[in-house]
Amino acid sequence: MDSLIDDSRPIFVQIAERIEDDIIKGGLLEESQVPSTNQFASFYRINPATAAKGVNLLVDQGILYKKRGIGMFVAKGAHAKLMEKRKEQFFAQYVVKMIQEAEKLGITSEELTDMIKRGVKTK
Amino acid sequence: MSHAVEVHRLTKSYGDVTAVHDVSFSIEANKIYGLLGRNGAGKTTLMKIITAQIFATYGEVKVFGEVPYENSHALSQICFIKESQKYPENFRIMDVLDVAASIFPNWDMEYAYTLIEDFELPLKRRMEKLSRGMLSSVGIIIGLASRAPLTIFDEPYLGLDAVARSLFYDRLIEDYGEHPRTIILSTHLIDEVSRFLEHVIVIDNGKILINEDNDVLRERAITVTGQTTKVESFTAGKDVIDRTPLGGFLSAHVMGELSTEDRKQSEELGLELTPVSLQQLIVHLTSAKTHKKEEEVQ
């Protein structure tokens, strides 16, 4: 399972992102139970404390919530919340970078729009 | 937070040689610690003193608040799996397990037998007939099934292949999750264990070089790669622990966290930032020190 986690960023952040991905893709539905920190630890071969840190990151953001004595669950509205967050990230990571690169190459905004349309068509 | 081990101003000398020099640290209960360092750094000496197998020259050690020497209560809390552990030659594996069951209060025989199957060990074979790898597996099984509140593995895997090591890590993480306890793992295979160590202690020349949470340690150093002149200007005034030139390019390891400003500057300069792995960090820190000492001698 090593390939799922890399050393480029803190492990607990990557665990949080894996859970987010599962919620976005529909693998983890709202109000369904999330694997325990021990299960995450065994699966990714990491320390349970690190897994707990990742899970708690999502609890703080209201994506997961704790049912006493049972475990962690996906909160209502988590999917929509994450989609919104990912769209923001998409803008910062891809759109802003693309525009910067386009400026470097002297691509006008019309040319850029055409390119995007062409890209969508050939997809 | 309660402490499993407290070591205060510990020194161990063998004649003129000081193996451990004025070392103080504590180990928090129910965490997985890595005790790392080069050969001869003093790791095994330290573990032998903590487990009351040898005496310290100066200083004191407490295990769960008690002095461990000739203290059967404290010693029953400790399981120490040594590198190349010796067993009575005519004992069968099952006899060794029976002895272990009588020593460790938390021993789980059912779990031990499950592990015997996992590691594919012949229960009835005598210890003298086992291969080196099988002997190591027996040690690992005792360490795990003892469920001792303080379990210490000192290079437990001489002769173990990658599959068996992998099995050891999986079982360790699983069982630790279900039965949290203090685990000290001493190994040279840092890359294999770095993700599940919660805290790291590095010993070099009998002294503590690093004593830090693994998460914090991961941010301690970074590799900067790019055009030589740009890397030089970026790293000016920073603590560079290693540099590797390649043609017009330079790769430098820098200690210390980078500020947001630094990251912005590196992006403008087109530099690539990658984290330094725990293994790389320790290699640099422990070898750089040796070089410095050699210079001092000359």
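## A loop residue in chain B

B:Asn30 sits in the loop that links strand 2 (17-28) and strand 3 (32-37) of chain B. Strands here are DSSP runs of E with at least two residues, helices are runs of H or I with at least four, and both are numbered from the N terminus. B:Asn30 is not a glycine, yet its phi is positive, about 65°. Its relative accessibility is 39%, so B:Asn30 counts as partly exposed. Buried means under 20% relative accessible area, exposed means over 50%, and partly exposed lies in between (1.4 Å probe, protein chains only).

## Basis of the model

This is a predicted model: local features need pLDDT of at least 70, side-chain atom pairs count only at pLDDT 80 or more, and totals for chains, interfaces and linings use all residues. Residues are numbered from 1 along each chain as its sequence is written, chains are lettered from A and ligands numbered from 1 in the order in which they are written, and side-chain values use heavy atoms, with hydrogens and water left out.

At 43% relative accessibility, B:Asn205 counts as partly exposed.

## Buried strand residues of chain B

B:Leu150 belongs to strand 6 (residues 150-154) of chain B. Its relative accessibility is 0%, so B:Leu150 counts as buried. Leaving out residues up to four places away in sequence, B:Leu150 touches several residues, among them B:Val5, B:Ile50, B:Val63, B:Phe64, B:Thr182 and B:Ile184. Contact means heavy atoms within 4.5 Å. B:Phe196 is 46 residues from B:Leu150 along the chain, and their C-alpha atoms are separated by 17 Å.

B:Ser186 is in strand 7 (residues 182-186) of chain B. B:Ser186 counts as buried, at 0% relative accessibility. Neighbours within four places in sequence aside, its contacts include B:Leu35, B:Lys43, B:Met47, B:Phe153 and B:Pro156.

## Layout of chain A

Chain A has five helices and two strands. From the N terminus on, they run α-α-α-β-β-α-α. The radius of gyration of chain A is 19 Å, well over the 14 Å that the globule rule gives for 123 residues, so chain A is more spread out than a compact globule. That radius is taken over C-alpha atoms, and the rule is 2.2 Å times the number of residues to the power 0.38. The C-alpha trace spans about 60 × 30 × 25 Å along its principal axes.

Buried residues account for 28% of the 123 residues in chain A. Of the contacts in chain A between residues at least 6 apart in sequence, 55% join residues at least 24 apart.

Helix 2 (residues 37-44) of chain A has A:Phe40, A:Ala41 and A:Tyr44 as its buried residues. They cover an arc of only 100° around the axis, which puts them on the same side of helix 2 of chain A. The arc is that of the directions from the helix axis to the C-beta atoms. An α-helix has 3.6 residues a turn, so residues three or four places apart point the same way. The buried residues of helix 2 of chain A pack against helix 1 (11-25) and helix 3 (48-60) of chain A, together with helix 6 (162-178) of chain B. A:Arg45 follows helix 2 of chain A and has a positive phi, near 55°.

A:Gln14 is in helix 1 of chain A. A:Gln14 counts as buried, at 3% relative accessibility. Residues up to four places away in sequence aside, A:Gln14 touches A:Leu4, A:Ile5, A:Asp6 and A:Arg9.
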